[in-house]
Amino acid sequence: FNLIFRVKMSHTHSHTGLIWRVFGFLSLVTVVEVFLGITKPDFLYLTNVLGTSLLNWIFLILTLVKAYGIAWYFMHLKDEKTWLRRAIVWPVVFLIAYLSFFLLYEGGALSDILATWTRWN
């Protein structure tokens, strides 16, 4: 994010341009997510990676990118000291990755186990 939206401004300048660029980037990511959710391409949906489809991993990564961008610019993490930013961001990133992995992995295992006992027809 920092490379895309790097702007040097003094305190007297408005941050309106930066806000619109961040809004545009977050909107673009959201449009990509909605497009992929509606079209659901077979090569992404039917490809399994680490227990779930590649499409699910793309959604997880894009959601984390949006969350990071919102925290970075709108919660003003970019203006904080490096150690404070890391203390806030890294535990959240690792927790989300940890929980996502176990939800997807255990959900797939539970689905495989229950498939033998469930009859849908």
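## Briefing: a predicted model with 4 helices and 2 strands

Buried residues, meaning those under 20% relative accessible area, make up 19% of the 121 residues in the protein. The model is predicted: local features need pLDDT of at least 70, side-chain atom pairs count only at pLDDT 80 or more, and totals for chains, interfaces and linings use all residues. Residues are numbered from 1 along each chain as its sequence is written, and side-chain values use heavy atoms, with hydrogens and water left out.

**Fold**
- The secondary structure comprises 4 helices and 2 strands. Helices (H or I, at least four residues) and strands (E, at least two) are DSSP runs, numbered from the N terminus.
- Along the sequence, the pattern reads α-α-β-β-α-α.

**Helix 1 against helix 3**
- Helix 1 spans residues 16-39 and helix 3 spans residues 54-74. They pack at about 165 degrees, with axes 10 Å apart.
- Axes are lines fitted to C-alpha atoms, for helices over the stretch in contact; angles run from 0 to 180 degrees between N-to-C directions.
- Helix 1 and helix 3 are therefore roughly antiparallel. The cut-offs are under 35 degrees for roughly parallel, over 145 for roughly antiparallel, 65 to 115 for roughly perpendicular, and oblique for the rest.
- The crossing of helix 1 and helix 3 is left-handed, that is, the near helix is turned anticlockwise from the far one by less than a right angle.

**Salt bridge**
- The whole structure holds 1 salt bridge, defined as a side-chain nitrogen of Lys or Arg within 4 Å of a carboxyl oxygen of Asp or Glu.
- Lys66 and Glu33 form a salt bridge through their side chains, at 2.8 Å from N to O. This pair links distant parts of the chain, 33 residues apart: Lys66 sits in helix 3 and Glu33 in helix 1.
- Lys66 and Glu33 are both buried.

**Nonpolar surface patch**
- Leu95, Tyr98, Leu99, Phe101, Phe102 and Tyr105 make a nonpolar surface patch with about 600 Å² of accessible area together.
- Patch residues have over 30% relative accessible area and no salt bridge; like charges are joined within 9 Å, nonpolar side chains (Val, Leu, Ile, Met, Phe, Trp, Tyr) within 5 Å. Areas come from the Shrake-Rupley method with a 1.4 Å probe; for residues, only the protein chains shown count as cover.
- Leu95 lies in helix 4 (residues 82-115). Leu95 counts as partly exposed because its relative accessibility is 47%.

**Backbone at Lys40**
- Most residues other than glycine have a negative phi.
- Lys40 has a positive phi, near 50 degrees. Lys40 belongs to the loop between helix 1 and helix 2 (42-45).

Terms used
Buried < 20%, exposed > 50% of the residue type's maximum accessible area, 1.4 Å probe, protein only.
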